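Let's walk through this structure together, from the overall fold down to single residues. Please keep the model open beside the text as you read.

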Amino acid sequence: MRHLPELFELERIAEAGLRHNMEVRRLCEVDAAGQKLPIYALALGNPDKHIPAAGFFGGIHGLERIGTQILLVFLRSLLKRLQWDPVLHRQLESVRLVFMPLVNPGGMLLDTRCNPQGVDLMRNAPLDAVDKVPFMLGGQRYSSMLPWYRGSADAPMEIESQAVCTVVEEELLARDFSLALDCHSGFGTRDRIWFPHAHTLAPIPHLPDISALEDLFSQTYPNHNYLFEPQSHHYLTHGDLWDYLYLRSEQMGKRIFLPLTLEMGSWLWVKKNPRQMLSRKGLFNPLPSHRLQRVLRKHSVWLDFLTRAACGHRRWLPQGAERVQHHERAYARWYPGLKL
Ligand SMILES: [Zn+2]
C-alpha cells in the first residue's frame with residue numbers, strides 16, 4: 001500500500017473541520033495502484049446562493065504537489081483561526097469558500113502529471129482551440145503513453161474533471177459573483193497569475209474586471225511579485241478546463257466568474273538548486289525545507305486576499321467610465337495589436 005501524505009492531511013483537515021461546520025463532500029473515487037482514492041470538496045461559509053464565493057483548486061497535475069500543499073496549509077490556518085478569530089466568523093457570513101486541494105490523487109500517488117488513465121486533466125475538457133496550438137504540448141490524441149493526452153474524442157470527461165465541473169457549477173456558477181484559483185507549478189522563473197483564454201488569442205469579456213482585481217491587489221500589497229497575464233501569451237491548448245467553465249458561465253449570462261491560475265515559477269527553485277533537475281519531483285516542487293517553507297508562506301497573502309476580494313466585489317468591480325478605462329488599459333497592455 002502506497003502512502004499519499006497530502007491525502008492523509010486532507011482527511012485530517014476534513015475531520016477537524018466538522019467541528020467548525022465545514023461541509024465535506026466525497027465526490028467520487030479513483031483507482032490507482034490497486035487502491036481506491038477519494039476526491040473531496042470542502043466548503044466553509046454561507047451556502048446562500050446570493051452570497052459570492054471563492055474556489056481553490058490544486059493537484060490537477062499529480063507531479064505539482066506544491067499546489068496541493070499550499071491549499072492544505074491555508075485550510076489549516078483557517079481552521080485554527082475559526083477557534084479564536086471572530087472577524088473570520090463574520091467574514092464567512094458573507095462569503096462561501098470552496099476547496100478541492102487534491103483533484104488528481106491517483107496521479108499524485110503514481111508521481112505522474114496525468115491521471116491514472118494517462119489523461120492530462122488540463123487538456124480534457126470538450127473544447128478545441130480555435131487558434132494554433134503548439135505540437136503535443138497543446139494537447140494530443142495519439143496516445144496516453146505520451147504527455148498532454150486529451151483522452152479519446154468520443155469518451156466522456158475523466159471523473160476527476162467531472163468532479164471539478166460539478167463543484168464549479170454547483171458552488172461557483174450558481175452565484176452572481178465568484179472567482180477561482182487553480183494552483184500549478186512548472187513554468188518559468190516567476191510566479192504568474194494566468195487568466196483565460198487558453199483556447200484562443202482573443203481576450204475575455206471580463207478583462208476590465210481582471211485588470212481591476214490586479215490593481216486592487218497591487219495597491220493593497222504593493223510589494224507583491226506576481227505577474228498577471230493571459231495564458232494565451234505563452235501557449236494555447238485544447239481542452240482547457242477553466243476556459244470550458246468560463247464559457248459555461250458566459251452562456252448562463254449576467255454573472256461573473258473569474259477563473260485564475262497560480263503558475264508558480266519552479267525554474268527558479270531549480271536554478272537555485274540544480275540537483276533538483278535529477279528528480280521529476282524536483283522540477284515541479286521546492287525541495288530544500290527552507291525554500292518549501294518560504295513558498296508555503298508567501299502565497300497566503302494572495303489566497304486570503306481572494307477570499308476578501310470575493311466578499312467585497314461590489315466595492316471594486318469597475319463600472320461606467322472606470323470600466324472603459326480598465327478596458328483600454330488592459331487592451332494596450334495585454335493585447336497591443338488588437339483593435340478595441
Ligand atoms: Zn500544472
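The chain has 13 helices and eight strands. Both kinds of element are DSSP runs numbered from the N terminus, with helices (H or I) of at least four residues and strands (E) of at least two. The radius of gyration is 19 Å, close to the 20 Å that the globule rule gives for 340 residues, so the chain is as compact as a globular protein of that length. That radius is taken over C-alpha atoms, and the globule rule is 2.2 Å times the number of residues to the power 0.38. Along its principal axes, the C-alpha trace spans about 60 × 50 × 45 Å. Of the 340 residues in the chain, 58% are buried; buried means under 20% relative accessible area, exposed over 50%, and partly exposed in between, using a 1.4 Å probe and protein chains only.

A word on how to read these values. This is a predicted model, in which local features need pLDDT of at least 70 and side-chain atom pairs count only at pLDDT 80 or more, while totals for chains, interfaces and linings use all residues. Residues are numbered from 1 along each chain as its sequence is written, and side-chain values use heavy atoms, with hydrogens and water left out.

Let's begin with the strands. Strand β1 (residues 23-32) pairs with β2 in the antiparallel sense over nine bridges; two strands pair if DSSP finds at least two bridges between them. Arginine 26 stands opposite tyrosine 40 in β2. The hairpin of β1 and β2 has two residues between the strands, and alanine 33 takes a positive phi near 50° there. β2 also pairs with strand β4 (residues 96-100), again in the antiparallel sense, over four bridges, and here leucine 44 stands opposite leucine 97 in β4. How enclosed is strand β2? Nine of the eleven residues of β2 (residues 35-45) are buried, so this strand is largely enclosed by the rest of the structure.

Glutamate 64 lies in the loop between β3 (53-58) and α2 (65-84), and histidine 184 in strand β5 (residues 177-185), so the pair ties together parts that are 120 residues apart in sequence. Both glutamate 64 and histidine 184 are buried.

The aromatic side chains come next. Rings of Phe, Tyr and Trp (its six-membered ring) pair if their centres lie within 6.5 Å; planes under 30 degrees apart count as stacked, over 60 as edge-to-face and the rest as tilted. By this rule the count comes to 17 aromatic pairs. Phenylalanine 57 is buried, with a relative accessible area of 0%, and tryptophan 242 counts as buried at 3%. The rings of phenylalanine 217 and tyrosine 226 have their centres 5.9 Å apart and their planes at 50°, so that pair is tilted. Ring pairs link Phe217, Tyr221, Tyr226, Phe228, Trp302 and Phe305 into a cluster.

Finally, look at the backbone in the loops. A cis peptide bond, with omega about 15°, joins proline 196 and histidine 197; histidine 197 is in the loop between β6 (192-195) and α6 (207-220). Lysine 254 has a positive phi of about 55° although it is not a glycine. This lysine 254 is found in the loop between α7 and β8 (256-264) and counts as exposed, at 87% relative accessibility.
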